[in-house]
Amino acid sequence: MNNHPYTEIFNSYILNGAHQALAQVQQSTGAIPDAVRGQAWHLLGYALGVDAAWPQVRELLLALSPKMEMAGYRDEWLAFLRAGVERSLARQDRTVEARLELAVGQLLRLENRYPAAVEWLERALSTFQAQGDSHGIAAVHNQLGRVCYLQLRDIDAIGEAHKALSLLAEDDPERAESHFVLGMAALNQRDWEEAESQHRLSLEFRRRSGDPRTTAWAMQNIGTVLLQQSEYGGADRLVEAVGWLEEAIAILDSLPDPYHSAVARNSLAIVYTHLGQLEEAAALYCRAEEIFQSTDSSEWLARVHNNLGLVYLRKGDNREAERSFRVGVAIYEELGNDAARLNTQHGIVLALLAQQRYAEAAALCEKGLAELDALRAIPAQYAEKESWYRASLAKAQAKLEQ
């Protein structure tokens, strides 16, 4: 029996389906409906194995990728992207191969899987270099810069951003990413003026591109700079920060972009905490925690637990504060983020002091001081955390000697 006619019918079905799915994805603004996403994923499962469907499949993968990231789909979408990379290799489609490798690297970075992210980004870099695609090369350098600042390797982050800028035209929207990386590296170093300047440059490029989503990200980043300057830089710019963050959240919720909306909610909750609006802050944190749980955003989840701990301390709920801080420390330990872990670990010290558990507080302070060498490369943070632990140790020891 000849199955050839059935193969042709099946391939025809796949081709028509891929064409229809691509049209639906391209027509949707913002997040795509679950029904469209489900249909597209189902179709891709078959279409990736049909040679004749590759022209539609490659476009469908590229069109879906930012929408899947926006909706918070990570592991599920990674499987499709990796399958797409394998298919593009088989088809010798180097252009799509590079773009999909870059997308895999970005998703792994969002999951805080930094070594794997770097591996895929360097793979994308080689593929873009083989094609002489300077814009693609710049995009990879920006993503590598993001990984560097997240690992507190600020000099490396600055280097990656400048490599990207050297390859980009003066009006290229990708420059927004470079200024973002430079802004975050400056923020790590507590260089408030430089951080604000770079993030305002990033916002300028975002606005020119006409993309409300990335424009909201840049607004959120300016709000975060103003917040941290108010917390650590002796300024009082909290009211300014509220304006930027509320505007960013309104835009992100309208799209919707849950992940970045949760990031902005976290910052706004910190502002509310400083302003004494503790119930509003706690509500924002709890909503952000739900989103970060659903998107496997472990680093942000740790931040929320740290910040919730501070709210509980302010409310006098010291045991709940201790619990929240300990969850945050455990996540940071898993991620190998020493600066953030030592920050949140001092929260545990504060909760222990509030519970009059002075011996435990003193022991944890001594542990923290012994671990501070990990921050030698970040002098501002080293000095800040050393002063925290020494002051708390002195307080605990004084109480023990009474």
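This is a predicted model: local features need pLDDT of at least 70, side-chain atom pairs count only at pLDDT 80 or more; totals for chains, interfaces and linings use all residues.

Trainee: What is the omega of the peptide bond from Leu255 to Pro256?
Mentor: Most peptide bonds are trans. The bond from Leu255 to Pro256 is cis instead, with omega near -10°.

Trainee: Is Arg190 buried or exposed?
Mentor: Arg190 is found in the loop between α9 (175-188) and α10 (192-209), and has a positive phi of about 60° although it is not a glycine. Buried means under 20% relative accessible area. Arg190 has 18%, so it is buried.

Trainee: Is Gln356 buried or exposed?
Mentor: Gln356 also has a positive phi of about 60° without being a glycine, and is found in the loop between α17 (338-354) and α18 (358-370). Exposed means over 50%. The relative accessibility of Gln356 is 57%, so this residue counts as exposed.

Trainee: Which side chain of opposite charge is nearest to Asp154?
Mentor: Asp154 lies in helix α8 (residues 154-167) and is buried yet has no salt bridge. A salt bridge needs a nitrogen and an oxygen within 4 Å. The nearest side chain of opposite charge is 8.9 Å away and belongs to Arg153.

Trainee: Which side chain does a polar contact of 2.6 Å join to that of Asp154?
Mentor: Leaving aside neighbours within four places in sequence, Asp154 is in contact with residues including Tyr149, Ala185 and Asn188. The polar contact of 2.6 Å joins the side chain of Asp154 to that of Gln189.

Conventions: Residues are numbered from 1 along each chain as its sequence is written. Side-chain values use heavy atoms; hydrogens and water are left out. Helices (H or I, at least four residues) and strands (E, at least two) are DSSP runs, numbered from the N terminus. Buried means under 20% relative accessible area, exposed over 50%, partly exposed in between (1.4 Å probe, protein chains only). Lys and Arg count as positive and Asp and Glu as negative; His and the chain ends are not counted. A polar contact is a pair of N or O atoms within 3.5 Å; within protein, one must be able to donate a hydrogen and the other to accept it, and residues adjacent in sequence count only if both atoms are side-chain atoms. Contact means heavy atoms within 4.5 Å.
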